[in-house]
Amino acid sequence: MKKSPKKSKKSPLSVPAGKQRLQKILASAGIDSRRKCEELILEHAVTVNGEIIHELPAFADPQTDDIRVNGQRIKRPEKVYFLLNKPKGVICTSSDPQGRPKAIDLIDCPERIVCVGRLDADTTGAIILTNDSELVNRLTHPKYELPKTYHVVVRGRLEGEDVEKLKKGVWLAEGKTQGAALKIVHRSHSETTLQISIRQGLNRQIRRTFAQLGYKVKSLKRIQIGDIVLKAIAVGGYKPLTGAQIAYLKRVTGMGPGF
């Protein structure tokens, strides 16, 4: 019996030197999300050096190529980076059908910026916003898992056995969480104040973890992202990240000098 030939595995498509994926360039220019930009390309609304792009993948050099959407040449926006002290009740999405206040609306910036990750509406504190799409993708990728530190107040006295469980990991629906670094700030019969540092970013991870152990979170505030500490920023206020802070984020996520 004749054996059928083996199917060769397709090698991953490499990006040509000096070029970027076209949808990434459009998103970085503030046109829309990457998914919407892909749709624009497939709708033949995008040209590169006068040529209509019909299919994906497509690549271009944002520095030298003439890239247009519906005839309008895109501009390369200045990359901006902010640290916001998010208030309670503010959400971290770019749109909301319920009309709730959004984090992006608290920052006076002409560029199209997005939140790096999310804090739920009831959680306050540090969140980074930027229009640097490559940095957003890397900071939200599980590979890097930048540690994030929170100030937490829970109802009840957090006992030693539960402290050890938090340090070793707690089982949730997605599996066992990674161990957390933990420091008790104050403890009484009625409540416990602590700092906890985690690397994962599961949905409502801290609230769900404490609920699994029988504790209700009264307040939750993110006070640090990696080495970037939230300080001297009023609730609802923000500051541009310093050059050193931006360089730090790029370094820990493996971004080279060309980004």
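A residue counts as buried when its relative accessible area is under 20%. Please keep in mind that this is a predicted model. C37 has a relative accessible area of 0%, so this cysteine is buried. C109, at 17%, is buried too, because that value is also under the cut-off.

| Cysteine | Relative accessible area | Closest cysteine sulfur | Distance |
|---|---|---|---|
| C37 | 0% | C109 | 17 Å |
| C109 | 17% | C115 | 12 Å |

For C37, the sulfur of C109 is therefore too far away for a bond.

Next comes strand 7, which spans residues 81-86. Six of its six residues are buried, so strand 7 is largely enclosed by the rest of the structure. One side carries Y81, L83 and N85, while F82, L84 and K86 lie on the other, and both faces are covered. In a regular strand, side chains alternate between the two faces of the sheet.

Strand 7 has partners as well. With strand 9 (residues 124-130) it pairs antiparallel over six bridges, and F82 stands opposite L129 there. Strand 17 (residues 238-240) also runs antiparallel to strand 7, joined by three bridges; here F82 has P240 as its bridge partner.

Finally, helix 6 (residues 243-252) has I246, Y248, L249 and K250 as its buried residues. Their cover includes strand 7, strand 9, helix 3 and strand 16. After helix 6 comes G254, with a positive phi near 75°.

Methods. Residues numbered from 1 in each chain as written. Predicted model: local features only at pLDDT ≥ 70, side-chain atom pairs only at ≥ 80, totals over all residues. Heavy atoms only, no water. Buried < 20%, exposed > 50% of the residue type's maximum accessible area, 1.4 Å probe, protein only. Helix = DSSP H or I, 4+ residues; strand = E, 2+ residues; numbered from the N terminus. Pairing = 2+ DSSP bridges. Contact = heavy atoms within 4.5 Å. Disulfide = S-S within 2.5 Å.
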